[in-house]
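Please look over the model below. The report starts at the surface, then turns to the cores and the overall fold.

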Amino acid sequence: MAKAKYAKTNAIRLLEQQKIHFDVMEYETGDGQVDGVSVAEKIGQPVARVFKTLVAKASAQRLFVFLIPVAEELDLKAAAKVVGEKKIEMLAVKDLLSHTGYVRGGCSPVGMKKLYPTVIDVSAQEQGSIIVSAGKIGMQIHVQIEDLKNITKAQLASITTTHE
């Protein structure tokens with residue numbers, strides 16, 4: 001890999017340390033358009049390949065990480081069932097940094113403060129590789145699904161709401 005010209009985030013450091021191949025994609029944030037669909041357009045990638053990282057908690061304060069396509073919504077019931085909980089809810093944005101080390105819009109599934117149970121939506125398999133936050137607003141990483149699964153110890157499951 002050529003010498004990097006981008007800021008090193010925890011996610012990037014961890015991927016390099018594990019010798020996992022990835023590509024960094026940076027995008028302009030000055031227009032304030034940092035939602036996932038806008039990010040996909042800015043980096044010229046299909047929306048189905050760009051995934052957002054969501055953090056949810058169970059009543060016992062256990063945290064879980066879910067990766068879903070940016071245009072989809074997390075099915076809280078399905079997600080709770082997959083992780084063996086009766087009910088989960090989204091973690092408050094104000095609690096995100098203290099638990100993960102990342103801010104909203106720059107939350108990477110790689111390199112969080114702790115390795116939380118992680119679930120990637122099954123639609124990722126159709127892509128082969130997906131794009132997730134690199135741990136900083138304005139920066140994404142493109143990584144193979146198997147590598148991402150291994151480094152986050154993730155499982156694949158159907159966790160999005162179906163729009164029929």
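## Surface patch

Leu97, Val103 and Ile137 make up a nonpolar surface patch. Together they have about 230 Å² of accessible area. Patches are built from residues with over 30% relative accessible area and no salt bridge; nonpolar side chains (Val, Leu, Ile, Met, Phe, Trp, Tyr) are joined within 5 Å, like charges within 9 Å. A salt bridge puts a side-chain nitrogen of Lys or Arg within 4 Å of a carboxyl oxygen of Asp or Glu. Areas come from the Shrake-Rupley method with a 1.4 Å probe; for residues, only the protein chains shown count as cover.

Ile137 sits in the loop between β6 and β7. Ile137 counts as partly exposed because its relative accessibility is 34%. The cut-offs are under 20% for buried, over 50% for exposed, and partly exposed in between (1.4 Å probe, protein chains only).

## Basis of the model

This is a predicted model: local features need pLDDT of at least 70, side-chain atom pairs count only at pLDDT 80 or more, and totals for chains, interfaces and linings use all residues. Residues are numbered from 1 along each chain as its sequence is written, and side-chain values use heavy atoms, with hydrogens and water left out.

## Nonpolar cores

The largest nonpolar core holds 30 residues. Val55, Leu67, Ile130, Ile141 and Leu148 have the most contacts inside it. Two or more residues each come from α1 (10–17), β2 (51–58), β3 (63–69), β6 (129–136), β7 (139–144) and α6 (145–152). A second, separate core has 14 residues, including Leu54, Leu74, Val119 and Ile159. A core is a set of buried Ala, Val, Leu, Ile, Met, Phe, Trp, Tyr and Cys residues joined through side-chain atoms within 4.5 Å.

Residues up to four places away in sequence aside, Ile130 touches Arg49, Phe51, Leu67, Ala124, Ile141, His142, Val143, Ile145 and Leu148. Contact means heavy atoms within 4.5 Å.

## Thr160

Thr160 lies in the segment after β8 (155–157). Thr160 counts as buried because its relative accessibility is 13%. Beyond neighbours within four places in sequence, Thr160 contacts Ile68, Pro69, Glu72, Glu73, Asp75 and Asp121.

## Overall fold

The chain has six helices and eight strands. These are DSSP runs numbered from the N terminus: helices are H or I with at least four residues, strands E with at least two. The order is α-β-α-β-β-α-β-α-β-α-β-β-α-β.

Of the 164 residues, 46% count as buried. Among contacts between residues at least 6 apart in sequence, 62% join residues at least 24 apart. The C-alpha trace spans about 45 × 35 × 30 Å along its principal axes.
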